[in-house]
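Please consult the sequence and model shown below while reading.

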Amino acid sequence: MAALRKVTTCFRLLRSLAPVLFSRRKSAVRKAVKWTNILYTGMASVAVGGGLCAVPFKQVESLSHDSMIRRAASLVTDSSSTFLSQTTLALIDAITEYSKAVHTLIALQKRYVQSLGNLTPAEEDTIWQVIIRQRSEVSDRQDECKRFESAWLSAVKLCETAALAAYTSGAEHASVTVSTNVQVAQSQVEEAQKLSVDTDKKLAETKVMEVERVMEYVSSSHNDEEEMPEAYLRED
């Protein structure tokens, strides 16, 4: 009878503790599942985040390597085209400003030559100070053109490389698009450069005409070459 009572007592004790033990087991299982989900989600985020674009975890298994490469190639062509458009705009603006500066210099030099013989030494010096400043402006604009042209040529090479990479990876549409952008940019820059060449040609022609005009002025005044206006003999 004593043994029976002990068994009965143990059975009642286990039955009273069962809900507590079962609850703790469920909680442990839920925590394990939760940490497992966090772990896999974090691994997916790191794997995807290390690439060029973010892809939701659910889509990773459905995308092949070829598909991911094509997407990356398209992003490269897009960024290359943006770089090209910015450098093209900068170069064209620089060429335009250079041409304006040269035309201003031409106008100043023509006005000076037309005023020969009618200027006091002080007026002549004032005019030449303006011409010298304008020559400096022309030089600065020319340096700016060279700097932007270098960046533009780099952008063209980058786009050509991106177009080839996109084509070999199967992103034909992206390749055609960036190649077309290069052709358009080259056409626009060529037109702007023609304007610059014409401007330089006019500057050279004006310089020759002005030298001839000064020589005529000196000859008509029966002056020696040493008496030619000193400011005009200064180098650009």
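Which pattern does the protein chain follow when read along the sequence? The pattern is α-α-α-α-α.

## Basis of the description

The model is predicted: local features need pLDDT of at least 70, side-chain atom pairs count only at pLDDT 80 or more, and totals for chains, interfaces and linings use all residues. Residues are numbered from 1 along each chain as its sequence is written, and side-chain values use heavy atoms, with hydrogens and water left out.

## Overall fold

The secondary structure of the protein chain amounts to 5 helices and 0 strands. Helices (H or I, at least four residues) and strands (E, at least two) are DSSP runs, numbered from the N terminus. The chain has 236 residues, of which 25% count as buried; buried denotes under 20% relative accessible area, exposed over 50%, and partly exposed in between (1.4 Å probe, protein chains only).

Among contacts with a separation of 6 or more, 75% join residues 24 or more positions apart. A contact requires heavy atoms within 4.5 Å.

## Helix α4 and its end

The 48 residues of α4 should span 70 Å at 1.5 Å a residue, and the end C-alpha atoms are 71 Å apart, which agrees. The expected span is 1.5 Å times one less than the number of residues in the helix. Just after α4, Gly170 adopts a positive phi of about 100 degrees.

Glu160 belongs to helix α4. This residue is partly exposed because its relative accessible area is 44%.

## Nonpolar core

The largest nonpolar core contains 27 residues, and those touching the most other members are Leu84, Val102, Tyr112, Val138 and Trp152. Such a core is a set of buried Ala, Val, Leu, Ile, Met, Phe, Trp, Tyr and Cys residues joined through side-chain atoms within 4.5 Å. Two or more residues of this core come from each of α3 (65-114), α4 (121-168) and α5 (172-220). The most is given by α3, with 11 residues.

Apart from neighbours within four places in sequence, Val102 is in contact with Val138, Thr199 and Leu203.

## Second largest pocket

The second largest pocket holds about 180 Å³ of space. On a 1 Å grid over the protein atoms alone, a pocket is an open set of points where a 1.4 Å probe fits, with protein on both sides within 12 Å along at least five of seven lines; lining residues have an atom within 4 Å of a point. Grid points are joined across faces, edges and corners, and the volume is the space filled by probe spheres set on the points.

The lining includes Leu91, Tyr98, Cys145, Lys146, Gln193 and Ser196. Helices α3, α4 and α5 each give two or more residues to the lining, which divides into 5 nonpolar, 3 polar and 3 charged residues. Here Ala, Val, Leu, Ile, Met, Phe, Trp, Tyr, Cys and Pro count as nonpolar, Asp, Glu, Lys and Arg as charged, and the others, Gly among them, as polar.

Leaving aside neighbours within four places in sequence, Ser196 is in contact with Ile95, Tyr98 and Ser99. Ser196 and Thr96 are 100 residues apart in sequence, yet 7.7 Å apart in space, C-alpha to C-alpha.

Val211 is also placed in α5. Its relative accessible area is 36%, so Val211 is partly exposed. Val211 and Val113 lie 98 residues apart in sequence and 8.9 Å apart in space, C-alpha to C-alpha.
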